[in-house]
Amino acid sequence: MNVALDWRVQNQPTGLLIADDVHLSRGGRRVLQEVSLTARPGRLLVLVGPNGAGKSSLLGVLAGLLAPSLGRASLDDLPLSQWSLPALARRRAMLSQHVQLGFAFRVDEVVMLGRSPHATGGASAKDGSVVDAALRAAQAWHLRERNYLELSGGERQRVQLARVLAQVWERSDGPAWLLLDEPEAGLDIAHQHFVLQQARKMAQQGYGVIAVLHDLNLAARYADEVALLAQGRLLRHGSPSHALDPQVLSAVYGLPLRRVPLDDGGWMLGPV
Amino acid sequence: MNIPLSEVLGALGRWLSGSELSGDDHVVLMLRLPRVLLAMLVGAALACSGAAMQGLFRNPLADPGLIGVSAGAALGAVTMIVLGGAFTGVMSELAGSFGIAGAAFAGGLAATALVYMLGRRRPGIGALLLAGVAISAIAMAGVGLLTFLASENQLRDLTFWSLGSLGGASWQRLAVISLPMLLALLLLPRSAAALNALLLGEQEACLLGFRPERLKPLLVTLVALSVSAAVATTGVIGFVGLVVPHLLRMLWGSDHRMLLPGSILGGAVLLTAADTFSRTVVAPAELPIGVLTALLGGPFFLWLLLRARIGEVQS
């Protein structure tokens with residue numbers, strides 16, 4: 001603990017979340033190979049790629065959930081495997097695709113679970129105000145007294161987003177990370193755009209945000225950077241216009257794609 | 001035998017001050033008091049273990065018996081009742097109820113250890129559940145076989161044991177079982193925050209900074225210790241571990257920081273009340289407490305089930 005503290009005093013945490021030559025095998029299958037990627041706080045990085053490309057696996061490695069078979073993932077130049085779990089939990093939160101909750105909890109109690117890595121563990125007035133703020137930021141404030149089990153899929157998704165935001169709300173000991181695995185899944189078009197707008201807003205406030213998205217047009221519209229994965233390899237990483245190259249995408253998805261110009265000077269991807 | 005409250009307090013006072021004790025005082029101090037304390041301890045242990053298992057398995061209908069502990073303890077006890085005579089001819093000191101209780105305790109722990117070792121071969125909680133079901137079934141088959149082999153006297157002992165009773169309460173017994181039970185009652189509530197996080201799934205618990213792979217063996221060990229000790233002393237008393245946490249969830253919600261201490265309190269109250277009722281309702285005979293809790297708990301369980309079904313249809 002004191003060693004870590006001294007280290008902090010001498011070195012401002014870089015906040016960089018880095019995958020360095022990451023390989024990952026699961027059940028005998030190679031799901032990630034030679035993936036090197038540096039993610040910076042203050043940016044919205046979107047991971048795209050066909051089904052089975054390794055997007056969620058890469059997110060799992062960057063969250064510290066999956067240990068790479070080779071290579072390493074690090075935050076503040078410290079390998080994730082050397083972080084204490086509660087300290088890591090205060091610096092990065094992840095919205096998973098499938099959260100199970102079979103017990104009756106009030107919505108604000110679910111969001112309060114996000115405060116469990118913090119010293120007060122959900123008991124202080126500060127935790128209460130963080131929960132309030134996170135509920136508002138996720139447009140779920142009006143649901144706060146409802147039973148979570150009685151919510152629709154889209155409402156649950158927003159409540160889980162609020163829980164994840166509450167986990168890393170104050171960013172006290174360095175830039176915090178939000179990892180979002182298909183945050184738009186199950187949401188209507190208005191809420192899809194809202195979630196991405198919120199993700200971008202968090203990035204502008206200094207969070208590092210990494211989102212796995214299937215919708216290439218949402219990626220093109222909101223991402224600061226896009227990383228394109230296919231068959232466990234990182235093919236392109238850069239600005240949306242660089243990474244979402246129609247020729248490369250057509251080959252990767254096996255579907256001819258082209259850019260359709262929009263009135264506002266932007267573009268959309270659509271089938272030829 | 002009806003002893004007024006003033007006499008009970010008088011007996012306690014004479015006992016604490018070291019005065020000479022009357023016959024009634026002996027009934028209060030040597031029979032009633034340890035029995036009430038035993039009921040409180042066993043009720044608290046069963047209810048708190050039930051709440052912890054329901055959290056661990058993320059299923060509000062889970063029972064402490066799911067990890068094989070009750071069936072293992074039953075097999076231990078029945079083995080001692082039926083085959084114990086073979087060894088205890090030599091060591092007749094052990095032959096009494098302490099031998100049966102010891103065998104039940106050992107059987108509960110052994111079955112749970114086996115379930116845990118089999119269940120950890122695959123990730124997730126499902127394997128533990130399946131191993132628990134399988135080992136319980138095998139243990140109950142063993143109980144069935146031994147019942148078939150038992151003599152008439154043994155059958156009577158065996159039936160009496162399996163109905164559950166707090167009648168064997170004594171200060172020595174309390175002293176023996178209070179260690180594993182108090183250990184569980186003190187340590188289980190400390191896992192409340194981790195159990196709350198675990199309700200979201202094992203991955204979410206990791207992301208929130210907890211280690212489910214460490215929580216599992218800790219909870220299984222504590223539950224095995226306390227439930228084995230409970231079953232060993234009183235026989236199988238069902239439904240306390242299921243009903244008490246359920247009632248509390250309806251009152252206060254599912255937060256384990258409330259639920260675990262609440263279950264300790266609720267279990268103690270419920271089993272003490274149930275035992276008092278079972279002693280008095282058909283006095284001077286005693287209704288076996290296991291029968292009473294099953295008689296009350298069974299319909300309650302059905303009501304929960306039907307209520308859930310109706311709720312599903314409505315939503």
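Predicted model: local features only at pLDDT ≥ 70, side-chain atom pairs only at ≥ 80, totals over all residues.
**Chain B and its interface with chain A: briefing**

Residues are numbered from 1 along each chain as its sequence is written, and chains are lettered from A and ligands numbered from 1 in the order in which they are written.

**Confidence**

- The complex receives an ipTM of 0.89 and a pTM of 0.86 from the predictor.
- Chain B has a mean pLDDT of 85, with 93% of its residues at 70 or more; pLDDT is the predictor's confidence in each residue, from 0 to 100.
- Over residues 90–94 of chain B pLDDT stays under 50, and the model has two contacts beyond four places in sequence for them. Two residues are in contact if their C-beta atoms, placed from the backbone, lie within 7 Å.
- Residues 311–315 of chain B also have pLDDT under 50, with one contact beyond four places in sequence.

**Fold of chain B**

- Chain B contains 13 helices and zero strands, and its pattern along the sequence is α-α-α-α-α-α-α-α-α-α-α-α-α.
- Helix H1 (residues 5–17) of chain B has 13 residues and should span 18 Å at 1.5 Å a residue, which agrees with the 18 Å between its end C-alpha atoms. The expected span is 1.5 Å times one less than the number of residues.
- Of contacts in chain B between residues at least 6 apart in sequence, 77% join residues at least 24 apart.

- The C-alpha trace of chain B spans about 60 × 50 × 40 Å along its principal axes.
- Of the 315 residues in chain B, 47% are buried, meaning that 20 or more other C-beta atoms, placed from the backbone, lie within 10 Å of the residue's own.

**Interface**

- In the complex, 24 residues of chain A are in contact with 22 residues of chain B.
- On the side of chain A that touches chain B, helix H3 (85–91) and strand S6 (92–95) of chain A each supply at least two residues. H3(A) gives the largest share of that side, four residues.
- The residues on that side of chain A comprise 15 nonpolar, six polar and three charged. Ala, Val, Leu, Ile, Met, Phe, Trp, Tyr, Cys and Pro count as nonpolar, Asp, Glu, Lys and Arg as charged, and the others, Gly among them, as polar.

Conventions: Buried ≥ 20, exposed ≤ 12 C-beta atoms within 10 Å, placed from the backbone.
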